Amino acid sequence: MVTDARFSDLRVLRWTDRIKDSLDGKRVGPIRANLDLTNLCNDNCPWCEPLQFRKETIADRKHTIETATAIEVLTDLADMGCKTVNFSGGGEPLVHTDFGQILRFAVRQGMRTWVVTNGFYLDKWLPDLEYAHHVRISLDASNEAEHREMHGSKEGSFEKVCQNIRALCKRRDKLRRSPARPEVGIAYIVADCNSDADSFGNLLAFAEDAGVDFIHFRPLSEETPQRFTEDWEDVMRVIDGFRPAFKGVQFFPMSKRWKDVFHQREFDRCYSSETIAVIAANGEVNPCCDRRDLSFGSVYEQRFKDIWLGARHQRMADLIAPALCTRCLQCGYNRAVQNYVVENQALPELM
């Protein structure tokens, strides 16, 4: 199977010093952060990870982070040496009325930016997206019918998203920057309804023709009507079989975030809660996207920097027992820290 460095567990070796400082009890800034701009979304994906949390914040009218607060959080993240900020999470980030302003500010602070979007509003923000480093569109379908089943979307949404992807790639190419930016990717979650060879072939043909840089495929892990019941190893072989026909786009079938999120706990601590920040759209700082029930504090009550470096964060992170979590979306990162930083398993192979 073809892999890419961005998906390798060995990435944690880039941040060994900071992770070790955290393990030694030193208070360090986050390596990367997920900043949820809003929990509102134009789609209605049945398998959306924070669905209940989103519903509660929408009911309480605490669904969108204030622009001034988002700017303040980004200022703190940059001051603390955060390398990357992801605009994704709770809902559709491009729904935020000041998305462009917030994205540009993050870039000016020297942080790499990832935008994870369903793609419906790309056309509204094309001039601002020129500043992003990476834009990944959660397409999860190769045609209108699949898109409606996977996203609960309205008729015509799939075609509009595809047009938007083409427009983004065309605008990127006109910038003539090297390396090209933003990098444009497609995420494709594989379920029973979109897993036949024709679906994969049609998607790859579209992506190559549109000028997309990469696609990553992963199986649906949630138990929903769109469940995934096939053997993923067999599906990956089918996807890999398209490589001779589609050499103009990179694609990566990945096993991460499938069954491992439910049973893989080969690590002693929740290392991610101490080194990766998740700031929810309601202002709460959470350990991860799944543990919205735990809050280290609210950025509406304290500066992010004070929350992250405070005693409450350390105390609550220490109390997280990975084996008791229903699901662990950061199991790959936690396993990598355990194997390559704590136990030093990678060094003999790299020397």
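1. Two strands are taken to pair if DSSP finds at least two bridges between them, and helices (H or I, at least four residues) and strands (E, at least two) are DSSP runs numbered from the N terminus. This is a predicted model, in which local features need pLDDT of at least 70 and side-chain atom pairs count only at pLDDT 80 or more, while totals for chains, interfaces and linings use all residues. Residues are numbered from 1 along each chain as its sequence is written, and side-chain values use heavy atoms, with hydrogens and water left out.

2. The sheet is open and is built from 9 strands in the order S7-S6-S5-S4-S3-S2-S1-S8-S9, with mixed pairing. Its edge strands are S7 (250-253) and S9, each of which pairs on one side only. Strand S2 (residues 84-87) runs parallel to S3, to which it is joined by 4 bridges, and Thr84 has Arg112 as its bridge partner in S3.

3. Strand S1 (residues 32-35) and S8 are parallel and share 4 bridges, with Asn34 opposite Val278. With strand S9 (residues 285-286), by contrast, S8 pairs in the antiparallel sense over 2 bridges, and here Ile279 stands opposite Val285. Ile276 and Val278 point one way from S8 while Ala277 and Ile279 point the other way, and all are buried (buried means under 20% relative accessible area, exposed over 50% and partly exposed in between, with a 1.4 Å probe and protein chains only).

4. What lies between S8 and S9 in the hairpin that they form? There are 5 residues between the two strands, and Gly283 in the turn has a positive phi of about 95°. Asn282 also lies in this loop, and Asn282 is buried, with a relative accessible area of 15%. Leaving aside neighbours within four places in sequence, Asn282 is in contact (heavy atoms within 4.5 Å) with Phe53, Thr57, Lys62 and Tyr300. The C-alpha atoms of Asn282 and Tyr300 are 8.8 Å apart, although the two residues are separated by 18 residues along the chain. A polar atom of the Asn282 side chain also lies 3.2 Å from the backbone nitrogen of Glu284.

5. Thr117, in strand S3 (residues 112-117), is buried, with a relative accessible area of 2%. Its side chain makes a polar contact of 2.8 Å with that of Glu92 (a polar contact is a pair of N or O atoms within 3.5 Å; within protein, one must be able to donate a hydrogen and the other to accept it, and residues adjacent in sequence count only if both atoms are side-chain atoms). Beyond neighbours within four places in sequence, the residues in contact with Thr117 include Glu92, Leu94, Val135 and Ile137.

6. In helix H6 (residues 144-151), the buried residues are Glu146, His147, Met150 and His151. They cover an arc of only 105° around the axis, so they are on the same side of H6; the arc is that of the directions from the helix axis to the C-beta atoms. These buried residues pack against strand S4 (134-138), helix H7 (157-175), strand S5 (183-190) and helix H8 (197-210). At the N-terminal end, Asn143 caps H6, with a side-chain oxygen 3.2 Å from the backbone nitrogen of Ala145, and H6 is followed by Gly152, whose phi is positive, near 60°.

7. In helix H13 (residues 311-319), His313, Gln314, Met316 and Ala317 are buried, and the buried residues of H13 pack against helix H11 (272-275) and H12.

8. The whole structure holds 9 aromatic pairs, where rings of Phe, Tyr and Trp (its six-membered ring) pair if their centres lie within 6.5 Å, and planes under 30 degrees apart count as stacked, over 60 as edge-to-face and the rest as tilted. One of them, Phe304 with Trp308, is stacked, at 5.7 Å centre to centre and 25° between the planes. Because Phe304 and Trp308 are 4 residues apart in helix H12 (residues 304-308), about one helical turn separates them, and both are buried. Elsewhere, ring pairs link Phe87, Phe99 and Trp125 into a cluster.
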